[in-house]
Amino acid sequence: MSIQEKRVPSDLALSHRSWGHSGSFRAMASPCELLINSEDESLAREMMAIAACEAARIEKKFSRFIEGNPLWRLNHAGGKASAIDAETANLLQFARQCYRLSDGRFDISAGPLMALWRFDGGGIPAAADIKQAKVLVDFSLVDFDYYQLQFPSGMCLDFGGIAKEYAVDRVAYLLAEQWPTISVLVNFGGDIACPVSKEADTPPWQVGIENPQRLDSAVALLEIRQGALATSGDTRRFIEKDGQRFGHIIDPKTGYPVVKAPRSVTVLGPNCVTAGMLATMAMLQGEHAEAFLSEQEVEFKCFR
Amino acid sequence: MQLKNSSNISTALAIASCSLFGHSAQVYAGDDKQDDWKVDAAIMYYGEQDRVQAVEAIGNVQKAFGDESLLDVKLVVDSLTGASASGAVAQSQSQTFTRPSGDGQYETAPGETPLDDTFKDTRVQVSANWAEILSPVWKTNVGMNASKEFDYFSLGLNGGLERSFNKDNTTLVLSGAYTFDNVDPVGGRPVAFSSMALRGDYDSEEEYRAAFAQTRMEGSNDKKTLDMMLSVTQVLSRRWLFQANYGLSSVSGYMTDPYKILSEVDDTGTTQRYLYESRPDSRLKHSFYMMTKGALDSGVVDFSYRYTTDDWDLNSHTLETHYRYYFSRRFYGQLHLRYYQQQAANFYRPFMMAGEPIPDYASADYRIGDMTSYTLGLKFGQRLSGGHEMSYRLEYYQQNPENNGFDLVGQLQDHDLFPEVKAVIAQVSYSF
C-alpha cells in the first residue's frame with residue numbers, strides 16, 4: 001500500500017463505546033469518523049492512523065486549493081502533456097465514465113463555472129461571465145491515456161465531486177484488506193462506506209441523515225450492516241435571490257444551478273463513489289431526481 | 001432532460017468504480033468487451049489524368065479474443081473506369097482498334113497515345129487473418145484471401161511463424177503464401193503475336209468474325225504464385241529499430257496481359273498491324289528490403305530501401321520515407337516521399353519492326369519498361385473523443401516511362417511514346 005505520508009494528524013480523537021471504538025479527525029473540510037467494531041484499543045488507533053494518513057494523502061494530491069500539488073501542476077501545464085500515475089489515470093477513467101453516463105453533465109472540468117458560483121453571499125454571477133466560463137468547460141477536450149494527460153491551456157480539473165467519496169472507499173478497503181473480519185464504518189462528512197458486514201447477532205450501524213430544514217438534528221436514521229451511502233445536497237450552501245434558491249449543483253450545460261433539484265439526495269450503493277455519483281446525477285435531474293433513482297433500483301432518500 | 005439509458009447507470013458506475021480500487025477484476029472483464037473490437041472504414045479515390053479512375057471502399061474489422069488471439073477481416077470493393085494504355089504507339093494519323101471483346105472499335109486521334117477506353121470493372125476482395133500468440137516467444141498467423149472481378153478470380157492462403165529472441169529485441173518471421181489466379185479475358189485469350197483483326201479489312205461481318213476468332217483461344221488460364229519471406233526486426237535503441245526482409249516469389253502460368261498489344265511499324269515508323277503481346281509463363285523474383293524507424297520527441301520517422309530483381313531482368317529500386325509530426329496529442333501531419341526506379345524486362349519493346357523475326361516474348365506495356373516514378377503525399381490524422389480517429393490523405397503520383405535504348409524510326413520521333421502518367425490519390429479514413 002502506498003501510504004507515503006506517515007505523519008499522523010494531531011487532531012485524532014478516539015473514544016470507547018459499548019460496541020467498540022469511535023474515532024474522529026478532520027480532513028477534506030469535513031468531520032471524519034470511524035466506527036470500529038473492536039474492543040482492541042491499539043488496533044483502533046492503528047486503523048485511525050491509516051485512515052487519517054490516507055485521507056491526508058488524497059487531499060494533498062487532489063485538492064484544488066493546494067498550490068504546487070500534483071493536481072495544481074496538471075492544471076498549470078499550459079496545454080502541454082503531463083505524465084500521470086496509475087491512480088490519477090484510474091480516477092480520470094472513472095470521471096470520463098461519469099461524464100458519458102451523465103450525458104456530459106458531470107464534468108470535472110467545470111471548475112471555472114463552480115468558481116463563479118461561490119455561495120459565499122456574492123450573489124448571482126453575470127450572464128456574460130457564465131458564458132465566458134463555459135468555454136473553458138468541456139471534458140471531451142481532456143485527452144489522456146494510462147501514462148499522460150493533456151488538455152487546452154486555461155481549462156482546469158477539479159476532483160471535488162469524486163475525491164471525498166474516493167477517499168472513503170480507499171480507507172474502507174485498506175482497512176478491510178488488513179482486517180477482513182472487523183466491521184468498520186468510514187464516514188467522511190456523510191459519505192459512508194462499510195465493506196465488512198457487521199455481524200448478524202449485533203445491531204447494525206446507525207447513520208443519521210440531516211434534515212435540510214433543521215440542520216442540527218438528524219431527521220432520519222438509516223441502518224446499515226454493509227455497503228455504502230453518499231449524500232448530495234444544498235443544505236448548507238446556497239444563494240437565495242428573489243425567493244429563488246440556487247443550489248450548489250451546477251449544470252455545466254446551462255452554466256446555472258439545476259432548478260427544482262431536491263434539497264438533498266442520499267443514495268445507497270455498493271461503494272461510496274458509486275453512491276455519490278448516483279446522488280449527484282439525481283440532483284442534476286432536478287424535478288426528476290426521484291424518478292431517476294427509482295429506475296436505478298437503488299435505495300435512496302430525497303428531501304425537498 | 002432524461003439521462004441516456006437511465007436504468008443501466010448504477011450498474012455501469014459500479015463496474016467503472018471497480019478499476020479505482022484495483023480489485024474485482026472479474027467484474028471489469030465484462031466491460032472490457034467494447035474495446036475488443038476495432039473497425040476501420042475508408043474511402044479512397046485514385047485518378048489518373050485522362051486515364052483510369054478508381055473509387056475504393058475499404059472496411060476492416062478486428063476482433064480480439066482475449067489477449068492471445070486476433071481476427072482481422074477486411075473487405076475492399078473498388079470500381080474502376082477510364083482508359084489505359086494499350087501498348088500501341090502514337091501515330092500521325094488516326095488509328096482504329098478492335099475492342100478486346102471483338103464487338104466494336106475505338107479510335108485514337110493523331111498524335112495521341114492509344115488508350116483502351118473499355119476499361120471498366122468492379123472488384124470485390126475479402127481477406128481474413130487469424131493471429132495467435134502461442135507463447136511469450138512464439139506467434140503464428142494464418143489467413144486467406146479471395147478476390148473477384150469480371151474477368152479475374154484469385155484465391156490465396158498464407159501463414160507465418162514468428163519467434164522473438166533476446167528479450168523481445170529481435171524478432172524473426174518466416175511466412176509463406178500460395179495464390180491461385182484464374183483469368184478469363186473478355187472476348188477470349190488472344191493467340192500470342194496474332195494480328196488484330198479490324199472490321200474495315202473485311203467485306204462482311206462474317207468474314208471479320210471468322211478472322212477475329214482466329215486470334216483467340218478458348219477457355220481461361222491459371223496462374224500460381226508461391227511466396228516466401230524471411231524477416232528480421234532488431235530493436236537498436238529505445239527509439240530506433242531496424243528491419244530487413246528477403247522475399248522469394250515464384251510465379252508460373254499465364255502472365256500475359258490479354259488486353260495489351262504491340263504496334264508493328266515499317267521504316268517510316270508507320271504502323272502496319274497490331275500484334276497481341278506474349279510474356280513468359282514463369283517468373284522468379286527476389287526482393288531485399290531494409291527499413292529503419294525511429295521515435296522522435298514529437299513524431300515518428302522511417303526510411304526504407306527495396307531492391308527487387310527477377311529472371312525477366314526487371315530490376316527496381318525503391319526509396320521511401322514517412323515523417324509524422326504530432327502537432328498535439330490529438331492531431332498529426334505526415335509527409336510521405338517515395339522514389340521508384342525500374343529497369344525494363346528483357347522482352348519489353350515499345351514497338352516491333354516489320355520484317356524482324358518474331359521474338360519468343362514481347363510486350364509494350366510501359367509498366368514493365370524503363371521507368372521512374374515518385375510519390376509525394378500528405379496525411380493528417382485527428383483523434384476524436386472515445387478513441388475514434390479520422391484521417392485524410394492526399395498524394396500526388398507521377399510515372400515517367402523512358403525509352404530503354406530503342407531507335408525511334410520515322411514519324412515515331414514526332415510523338416511522345418513515353419508520356420508521363422500523373423495521378424492523384426485521396427483517402428478519408430475513420431476508425432472506431
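Analyst: In this predicted model, helices H6(A) and H7(A) cross with a right-handed sense. Helix H6 covers residues 163-178 of chain A and helix H7 covers residues 272-284 of chain A; their axes come within 8 Å and cross at roughly 155°. An angle over 145 degrees counts as roughly antiparallel, and H6(A) is therefore roughly antiparallel to H7(A). On the H6(A) side, the residues that meet the partner helix are A:Glu165, A:Tyr166, A:Val168 and A:Asp169, while H7(A) contributes A:Cys272, A:Val273 and A:Gly276. Sorted by class, this contact has four nonpolar, one polar and two charged residues.

Elsewhere in chain A, A:Ile224 lies in strand E10, which spans residues 218-224. A:Ile224 is partly exposed, because 19 other C-beta atoms lie within 10 Å, whereas a buried residue has 20 or more. Apart from neighbours within four places in sequence, A:Ile224 is in contact with A:Cys194, A:Pro204, A:Trp205, A:Val207 and A:Leu229. Its C-alpha atom is also 9.2 Å from that of A:Leu185, a residue 39 positions away in sequence.

Chain B contains an open sheet of three strands in the order E15-E14-E20, with mixed pairing. Strands E15 (271-276) and E20 (352-353) of chain B stand at the edges; each has a single partner strand, so one side of each is left without a neighbour in the sheet. Strand E14 (residues 261-265) of chain B runs antiparallel to E15(B), and five bridges join the two. Within this pairing, B:Ser263 has B:Tyr274 of E15(B) as its bridge partner.

How values were computed. Residues numbered from 1 in each chain as written. Chains lettered and ligands numbered in written order. Predicted model: local features only at pLDDT ≥ 70, side-chain atom pairs only at ≥ 80, totals over all residues. Helix = DSSP H or I, 4+ residues; strand = E, 2+ residues; numbered from the N terminus. Buried ≥ 20, exposed ≤ 12 C-beta atoms within 10 Å, placed from the backbone. Contact = placed C-beta atoms within 7 Å. Pairing = 2+ DSSP bridges. Axes fitted to C-alpha atoms, helices over the stretch in contact; angles between N-to-C directions. Parallel < 35°, antiparallel > 145°, perpendicular 65-115°, else oblique. Left-handed = near helix turned anticlockwise from the far one by under 90°. Nonpolar A, V, L, I, M, F, W, Y, C, P; charged D, E, K, R; others polar.
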